Structure formats: C-alpha cells, structure tokens
Amino acid sequence: MDKILLSRFKGCLVGGVVGDCIGALYEGLSHVKTNDLIERINKLEKDRQTQREHGTKPAEKYGFSYTDDTAMARSVAGSLIDKGQFDAPDMGKRFAEEYFREPDRGYGGSIAAVFDGIRDTNTTDVYQPASKQFEGSGSYGNGGAMRIAPAALFTFCDNNATKLISLVSSITRLTHTNHLAIHGAILVALAVDQSLRLPQDTAVDCDEFIEALIIKLRPLEEEHDKSSMGPPPLKKNSKRVLDASATPYCAKLKRIKEMLKEPNLKTATVVEELGTDVSALGSVPAAVLCFLKAAIQNIPKLKDHNKFSQTVLYAITLGGDTDTVATMAGAMAGALYGMEAIPESWRYYCEGVADAETMAEHFFNMTQAP
Ligand code: 8NA
Ligand code: MG
Ligand code: MG
Ligand code: MG
C-alpha cells in the first residue's frame, strides 16, 4: 500500500517534469503532428536502448531541459519540505533567486517585474509586487497552475479540500493575484489530489471525477462573481464563449464531460473551446481533458503507448503552451498510474527527474510521520 502511494507521489512530480521537458520542444507551435511526435519519442527509446547496451551511465547531456514550470515547482516543493509549512517570504525568495540564477528558462513575459519586486530589499510585503501587475488586476497567466502539484502532496494526509485550496491560493498569489490564475491553480491541485485517491484497478468515472471538482470550485467562482463586475467581454471572433460565463471553470468542466462522450472529438474543437494558451483559464481545462480522455479511451495513433504516455503526448499534440498543459496533465496522470508508468527513456533524458523523485520521497515521508 505504502509502496504504491510512494510510486504515485513520484509519478506525480516526475510526470510533471517529463511533461514540461518534452512539451517544451513544441511550445508555441499551433500545430503539432502526432506522427512527428511519435517518431521523436520512438527515437528516444531507441537511443536509450543503444545507450543501455553501452552501460547505464548517468546521461551526460540531458536531451530535454526543464523550463520555468519545473523551476518554480522545485521552489514550491523545496520550501514546503525545508520549512515543514507554508512560508510566504521563503517561497517568494526561492522563486526570485531561482529566476535570477537562470532567467532563460522560458518564463512568462511579465513575471520578471514580480521577481524584481520580491528581491528588492525595501519590499516588506512579499505579496505586494504581484498585486501591482497589470495595473492592479494581477496576472491571469498559467504560471501559478503549472507549478502547484507539490501542494497536493503536502496536504495529502489532511484529505481536506478547504486546506488545500487555502494553501494553493497563498502560493499562487505570490506571483499571480488575478482570480482566474488562482482558480486555475486550485483546479490543478484538486485534480491531482483526486487522482492520487482514485483506485488504480477500476475504470475512471469521469462524470464523478468532474462533479467532485465542480462541487469544490463552484462556491469560489460564485463568490468571486458576486463581488465583481462580471467576466470581461469576449475578444472579437473568439469561439471561447465559455470564458464569458460567470463561473467559467465550472462551465468548461461541464463541457469537458460532453467532450469525453464525443467519439471523434477534434483537436481543433478542444483548442477553440477550451484553449491551450498561456492564460490559466485557457490551458488548465485542457489539461484536465487530456488526463481524463486518456484514462477512458485509447487515443487514436497513440494506442501503442501506455495511459501515462498517451496523456502527455495527447496534451502536446494540442499545440500552444505545450510544456505547461503537458506538465499539468502529466502530474495528474503520474498521480494515478505511478512512477513505473513513466517510460524509463523519458526519465533518463529529462532534466530534473532525480530531484523530483527525491522531493516526492520527502513528501511521502511526511505522510508516514507518527
Ligand atoms: P505571466 O504572468 O507573464 O502571464 C503570461 C501572459 O499572459 C502575460 O505575458 C500577458 O500577455 C498575459 N496576461 C496575464 N495577465 C494579464 C492581465 N491581467 N491582463 C492582460 N494580459 C495578461 O506569465 P506566467 O508566469 O503566468 O507564465 C505563463 C507561461 O509563460 C507558462 O506557460 C510558461 O511556460 C511561460 N512562457 C510563456 C511564453 C509566452 O509567449 N508568453 C513563452 C514561453 C514560456
Ligand atoms: Mg515553461
Ligand atoms: Mg512563468
Ligand atoms: Mg509554458
């Protein structure tokens, strides 16, 4: 039992890392050909086989580097592990230090200003720089959601959605104060938490999984809606009508339920209606769809790959913010299928896997404390 939970904790963090590393190869492309992706993945497997025949030394050069998604998740995990609790100034400092150490990890366009602010010795409130972004409206980017999986591991034993939601909100607001960024991060964390608790030997009930998400998210969205002037108007010609709903994440979750029942669901439909861009509302729902779709069906062209791989590869074929959709979906899938489902060749060639494994062990050990 414990061994399985440890494998699922590792699967979650390592799943996030490989999704980021492999997804990053395609970031920003509007079309990713499934056949090209499969060819690349098969070559990876072949290279690894050749390498194995010559002895299994650690990879000299990682084929695939991680990006800001993993860089920030490492700071989230590292701070929670070292402090044993959420410590806002410590986590903020880690984000900033990490950014200034390696600013070229593909961070979002406006996030540097937040790190500047956090690093500024005159800043007494670590939350202040983020709250000033975008003329006070705060970033609605997916940078909060992409790094949040460790929070679900940290609160796993509490089995308390309210506690998880509060932790996620605090972590996200360090860089993203817009409600859409916060609700998106909450959705990812809840999905990871629910995935960790799914039985591995029973088919996933998608309706039930989604309803459980909606029950927890709806009060938050309704609360925000009451206190706001309503959602922003839709961009001209946008097909993302659900973005303009008063409870947009719940509206998209309901739509995902229908999409999962469409046997010939088109990539274009997913991209047009859910989105795969750098906004949280335009990427988190797609990650949930990828996870659930692969769980209940074999995805055409990907059926030779296991469920974990199908999740991540399908996410990448959607194009757009591929590293981020794949990292979020990869964390959800790894939490269900466990570490063993992540192909050895992926783990071997992706940067940051060993550290993710160690961090997952730390979180697991917390669950074993008397
Ligand atoms: P962010 O906070 O800079 O947000 C991303 C982008 O969303 C911003 O640059 C803006 O264009 C837009 N945006 C966010 N909030 C608002 C607002 N209130 N009003 C108007 N526009 C807004 O970055 P992040 O930390 O959320 O990161 C998001 C993504 O950036 C991740 O997927 C990550 O992998 C990375 N990334 C982004 C790009 C890119 O083209 N922006 C490229 C590579 C990587
Ligand atoms: Mg990235
Ligand atoms: Mg970012
Ligand atoms: Mg990205």
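Me: Which residue has a polar side-chain atom that lies 2.3 Å from an oxygen atom of ligand 1?

Reply: That is Asp 321. A polar contact is a pair of N or O atoms within 3.5 Å; within protein, one must be able to donate a hydrogen and the other to accept it, and residues adjacent in sequence count only if both atoms are side-chain atoms. Before we go on, this is a predicted model, where local features need pLDDT of at least 70, side-chain atom pairs count only at pLDDT 80 or more, and totals for chains, interfaces and linings use all residues. Residues are numbered from 1 along each chain as its sequence is written, chains are lettered from A and ligands numbered from 1 in the order in which they are written, and side-chain values use heavy atoms, with hydrogens and water left out.

Me: How many residues surround ligand 1, and which are the closest?

Reply: A residue counts as near a molecule if one of its heavy atoms lies within 4 Å of it. Here 23 residues surround ligand 1, and the closest are Gly 106, Ser 139, His 176, Asp 321 and Thr 324. The side chain of Asp 68 has an N or O atom 3.1 Å from an oxygen atom of the ligand. With Gly 143 it is a backbone N or O atom, 2.8 Å from an oxygen atom of ligand 1.

Me: Is Thr 324 buried or exposed?

Reply: Buried means under 20% relative accessible area, exposed over 50%, and partly exposed in between, using a 1.4 Å probe and protein chains only. Thr 324 counts as buried because its relative accessibility is 1%.

Me: Where does Thr 324 lie, and what is it in contact with?

Reply: Helices are DSSP runs (H or I, at least four residues), numbered from the N terminus. Thr 324 belongs to helix 15, residues 322-337. Contact means heavy atoms within 4.5 Å; leaving aside neighbours within four places in sequence, Thr 324 touches Asp 69, Asn 142 and Met 146 in this sense. Its side chain also makes a polar contact of 3.3 Å with that of Asp 323.

Me: What kinds of residues form the lining of the second largest pocket?

Reply: Ala, Val, Leu, Ile, Met, Phe, Trp, Tyr, Cys and Pro count as nonpolar, Asp, Glu, Lys and Arg as charged, and the others, Gly among them, as polar. The lining of this pocket divides into seven nonpolar, 14 polar and five charged residues. A pocket is an open set of points on a 1 Å grid over the protein atoms alone, where a 1.4 Å probe fits, with protein on both sides within 12 Å along at least five of seven lines; lining residues have an atom within 4 Å of a point. Helix 3 (68-83) gives the most to the lining, with three residues.

Note on methods:
Helix = DSSP H or I, 4+ residues; strand = E, 2+ residues; numbered from the N terminus.
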